[in-house]
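Here is a friendly briefing to read beside the model. Keep the sequence and the 3D view open as you go.

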Amino acid sequence: APLAISDGEAPGAQLQVTKLKRSGDTVMLQFVLVNNSDSAYDPNNLNSSQYRSVDGIYLVDLAGKKKYEVVRDSDKNCVCSQGLQAIPPKSRANFWAKFPAPPGSVQKLGVVVPHFVPLDDVPLS
C-alpha cells in the first residue's frame, strides 16, 4: 500500500509515494505516477532545470521549516529519474529521487511534486 496518495492537476493523474527511507546521509523517495486518463500524460513538468527529469521535486520539514532539494552530482545532474517519457493511458510509471537527510529527530516530511497536491506528514522510515 502507498504511504501517501495525491491527485494531480491533470484529470486522471495520481501520485503514489511508495517509499521514503533514510539511508545514511540521504533519503530515497520512490513514487509511482498513475495515468488513469484516456490520453498520454507527459511527466516532463516535474523538472526545474534538468530536462526530462524529476529534479523539481522537493521535501519539506514542516516543523523545522527546511526545504530539501534533489541531490546533484559533480556535473550538476540530479541523482533522480531522468529521460522521462510520456505515460500511456491507463498505465503507470515508477520514479525515484535522492535528497539530503534531515536531522535524525525528523520522523515525517512533506513531499512536493509540481502539478500535484502537496503531501504533508509522509512517514520517514
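The points below go from the whole protein to single residues.

This is a predicted model, in which local features need pLDDT of at least 70, side-chain atom pairs count only at pLDDT 80 or more, and totals for chains, interfaces and linings use all residues. Residues are numbered from 1 along each chain as its sequence is written, and side-chain values use heavy atoms, with hydrogens and water left out. In outline, you are looking at a protein with 8 strands and 0 helices.

**Overall build**

- Along the sequence the pattern reads β-β-β-β-β-β-β-β; strands (E, at least two residues) and helices (H or I, at least four) are DSSP runs, numbered from the N terminus.
- The radius of gyration is 14 Å, which agrees with the value near 14 Å for a compact globule of 125 residues. This radius is taken over C-alpha atoms, and the globule rule is 2.2 Å times the number of residues to the power 0.38.
- Taken along the principal axes, the box filled by the C-alpha atoms is roughly 45 × 35 × 20 Å.
- Of the contacts with a separation of 6 or more, 58% link residues 24 or more positions apart; contact means heavy atoms within 4.5 Å.

**Surface and charge**

- Of the 125 residues, 42% are buried. Buried means under 20% relative accessible area, exposed means over 50%, and partly exposed lies in between (1.4 Å probe, protein chains only).
- The accessible surface comes to about 6600 Å², and carbon and sulfur atoms hold 50% of it; the areas come from the Shrake-Rupley method with a 1.4 Å probe.
- The protein has 13 positive and 12 negative charges, and their mean positions are 5 Å apart. Lys and Arg count as positive and Asp and Glu as negative, while His and the chain ends are not counted.
- Each charge is placed at NZ of Lys, CZ of Arg, CG of Asp or CD of Glu.

**The disulfide**

- A search of the whole structure finds 1 disulfide, defined as a pair of cysteine sulfur atoms within 2.5 Å.
- Cys-78 and Cys-80 form this link, with their sulfur atoms 1.8 Å apart.
- The link of Cys-78 and Cys-80 is left-handed, with -70° about the S-S bond.
- Both Cys-78 and Cys-80 are buried.

- Lys-19 sits in strand E2, which covers residues 13–23, and is partly exposed because its relative accessible area is 32%.
- Beyond its neighbours within four places in sequence, Lys-19 is in contact with Leu-3, Met-28, Leu-29 and Gln-30.
- Lys-19 and Asn-44 are 25 residues apart in sequence, and their C-alpha atoms are 21 Å apart in space.
- Glu-9 lies in the loop between strand E1 (4–7) and E2, and counts as exposed because its relative accessible area is 61%.
- Glu-9 and Val-113 are 104 residues apart in sequence, with 11 Å in space from C-alpha to C-alpha.

**Two loop residues with positive phi**

- Lys-65 is not a glycine, yet has a positive phi of about 55°.
- You will find Lys-65 in the loop between strand E4 (58–61) and strand E5 (66–69), and its relative accessibility of 74% is why Lys-65 counts as exposed.
- His-115, also not a glycine, has a positive phi of about 75°.
- The loop that holds His-115 runs between strand E7 (108–112) and strand E8 (119–123), and with a relative accessible area of 34% His-115 is partly exposed.
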